[in-house]
Amino acid sequence: TTSYQTNNELVAFRKKHLGRSLSLQYKEPIKMVRGDGPYLIDQFGRRYLDTVNNVAHVGHEHPRVVKAGQQQMALLNTNSRYLHENINALAQELLDTLPKELSVLHFVNSGSEANELAIRMVKAVTGERDIIASEVGYHGNTNMCIDISSYKFDGKGGQGAPDHTHIFPLPDAFRGKYRGENTGLLYAREVQKQIDEVHKKGRGVGALIVEPIISCGGQIELPKGFLKQAYQNIRRAGGLCISDEVQVGCGRMGKTFWGFQLHNVIPDIVTVGKPLGNGHPLAAVACTPEVAEKFANGMEYFNTFGGNPVSCAIGTEVLRVVKEEGLQRNALEVGNYLKTELKGLATKFPILGDVRGEGLFLGIELVDATLKPLAAQTDYLANRMKDYGILMSTDGPYHNVLKIKPPLVFTKGNATELLYYLEKILKEDFMKI
Ligand code: PMP
C-alpha cells in the first residue's frame with residue numbers, strides 16, 4: 001500500500017500532476033477512506049450520510065457485490081470472446097426488467113461509452129447523424145457525447161451546439177418556456193420544431209436522446225404526455241428514440257424500474273451506467289433486435305473490457321440485491337416520505353420554491369419571491385449540511401437546485417436526519433450572503 005499523505009500533500013500533488021479540469025468537492029476537500037451502506041467515512045473516522053452518490057446504488061461496498069467481484073477476480077478475467085455464464089446471467093437479469101421489445105444487449109464500461117455506442121447504432125440504422133437533445137442535458141465525456149450535451153457546450157469552455165445537434169428548450173414546468181400543468185404537448189411541439197429544422201437543412205433525423213428526469217438540468221421531471229408525443233414525432237420523421245437511464249435507472253424511480261416506464265413509452269435504445277456496477281466501471285446498451293441487426297453490418301464491435309466475467313459477476317449481483325432487498329420499493333417509500341416532508345418544509349420556508357422528482361431522485365429549487373435563482377444560498381446549504389455530516393450536491397443551469405440521489409439503501413431514519421438538519425440550517429440568517 002502507499003504511505004500516508006496529509007490532505008495538503010494530496011492537494012499539492014494533484015495540482016501539479018493531475019489535470020486542472022478535474023474538480024474537487026468542497027472548499028476544504030475531504031479524504032474518504034471507506035464506504036458503508038449510505039455512509040462515506042473520512043480519515044478521522046467521521047461518517048457522512050451520502051445523498052449524492054447514485055453510483056453506489058445498493059450501498060457503498062455492499063458485501064455481496066464485493067464478494068462477487070473478489071471471487072471472480074481470483075478465478076478469471078478475460079474479454080467476451082470466450083463463452084462464459086456471467087455475461088449471459090447479467091444479460092438475463094437485465095432482460096427480466098426490460099420490455100420484451102428491448103431484447104439485445106451490448107456491455108461497455110461507462111455511461112459515456114454506452115451513449116457513444118447508441119449514437120453509432122443510430123447512424124448505422126438511419127444513415128443520419130442529426131441528433132435532437134434537451135437543453136442542459138448531459139450524456140457523457142467523449143467527443144460525440146459532448147457534442148450532444150448542451151450542459152457542456154452551452155456552458156463554460158463550450159462553443160455552442162454543433163451543426164448536427166438540435167436542442168429543444170428544457171421542459172421545465174417551474175421556470176421554463178412553458179410553465180404549470182399541461183405543458184407536455186407544448187414541449188413536444190418544440191421537439192417537432194427541431195425536427196423541422198433538420199428537414200430545412202435537407203437532412204433526416206437520427207434520434208432523440210433524453211433522460212426521463214433531466215438530472216444536470218436540475219432534476220427536471222418531464223411533463224405528462226411529453227415523451228409519448230415527442231417519440232411519436234421522432235418516429236414519424238424516421239428517427240430512433242434513446243432513453244438515457246444512466247442516472248435514473250435500476251429501480252431509483254420507485255414506481256418503475258426504468259425512467260421511461262413512468263411515461264408509458266418503449267424506446268428503441270436504452271443506455272444504462274452508473275448504478276449497474278455499484279462503483280465498478282460497467283454499463284450497457286439495450287436495444288431492439290431491428291436496431292441490433294442493422295448495427296451488425298459486418299464491422300466487428302470489440303470492447304476489451306466490456307462484458308468481462310468480473311464486471312458481469314458484479315452487475316448480476318447488483319441487480320439481484322436490488323430485487324432481493326426490495327430496493328425499488330424502498331426508493332418509492334422513502335422517496336415519497338422525503339418528498340412530502342420537503343414540500344411541508346417549503347410551505348414554512350418559501351425560498352424552497354419547488355420540490356420535485358420521483359423515488360430517490362429529488363431536487364429542491366431555491367428562489368426568491370421574484371423567482372430569481374439563489375445560487376449562493378444553495379451553495380451555503382450544501383456546505384452547512386456537510387458541517388453536520390450530510391453530503392448533498394447542487395446543479396441546474398443556475399446552480400440553485402439541491403439534489404438528493406442517495407444509495408437506495410437510504411432509510412426513513414436517514415431521511416428524517418436530513419430533514420432535521422435542513423430545517424435547522426434554513427433557520428439561519430443566510431439570505432444576505
Ligand atoms: N448520461 C448521464 C445522464 C450522466 O449523468 C452521465 C454521467 N454523469 C453520463 C451519461 C456519462 O456517464 P459516465 O460518466 O459513466 O461516462
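A: A nonpolar core is a set of buried Ala, Val, Leu, Ile, Met, Phe, Trp, Tyr and Cys residues joined through C-beta atoms within 7 Å. The model to which we apply this is predicted.

Q: Which residues touch the most other members of the largest nonpolar core?
A: They are A114, A118, M121, L208, I269, A284 and V285, in a core of 117 residues. Helix α10, residues 309–324, gives the most to this core, with 8 residues.

Q: What is V285 in contact with, leaving aside its neighbours within four places in sequence?
A: The contacts of V285 are L105, H106, V108, A114, L117, A118, I269 and T271.

Q: Where do the side chains of a regular strand go?
A: They alternate between the two faces of the sheet. In strand β12, A283, V285 and C287 point one way, while A284 and A286 point the other way.

Q: Are those residues of β12 buried or exposed?
A: Both sets are buried. Strand β12 covers residues 283–287, and since 5 of its 5 residues are buried, the strand is largely enclosed by the rest of the structure.

Q: Which strands are joined to β12 by bridges?
A: Strand β4, residues 104–108, runs antiparallel to β12 and is joined to it by 5 bridges. In that pairing, V108 has A283 as its bridge partner. Strand β11, residues 269–272, is also antiparallel to β12, with 4 bridges. There the bridge partner of T271 is V285.

Q: How is the order of an open sheet read, and what is the order in the sheet of 4 strands?
A: The open sheet of 4 strands is written β1-β2-β3-β15, and its pairing is mixed. The edge strands are β1 (32–36) and β15 (390–391), each of which pairs on one side only. Strand β2, residues 39–42, pairs with β1 in the antiparallel sense over 4 bridges.

Q: How many helices and strands does the protein chain have?
A: The protein chain has 13 helices and 17 strands. Its radius of gyration is 22 Å, close to the 22 Å from the globule rule for 433 residues, so the chain is as compact as a globular protein of that length. The C-alpha trace spans about 60 × 55 × 45 Å along its principal axes.

Q: What share of the residues in the protein chain is buried?
A: Buried residues are 52% of the 433. As for contacts with a separation of 6 or more, 73% of them are between residues 24 or more positions apart.

Conventions: Residues numbered from 1 in each chain as written. Predicted model: local features only at pLDDT ≥ 70, side-chain atom pairs only at ≥ 80, totals over all residues. Pairing = 2+ DSSP bridges. Helix = DSSP H or I, 4+ residues; strand = E, 2+ residues; numbered from the N terminus. Rg over C-alpha atoms; globule rule 2.2 N^0.38 Å. Buried ≥ 20, exposed ≤ 12 C-beta atoms within 10 Å, placed from the backbone. Contact = placed C-beta atoms within 7 Å.
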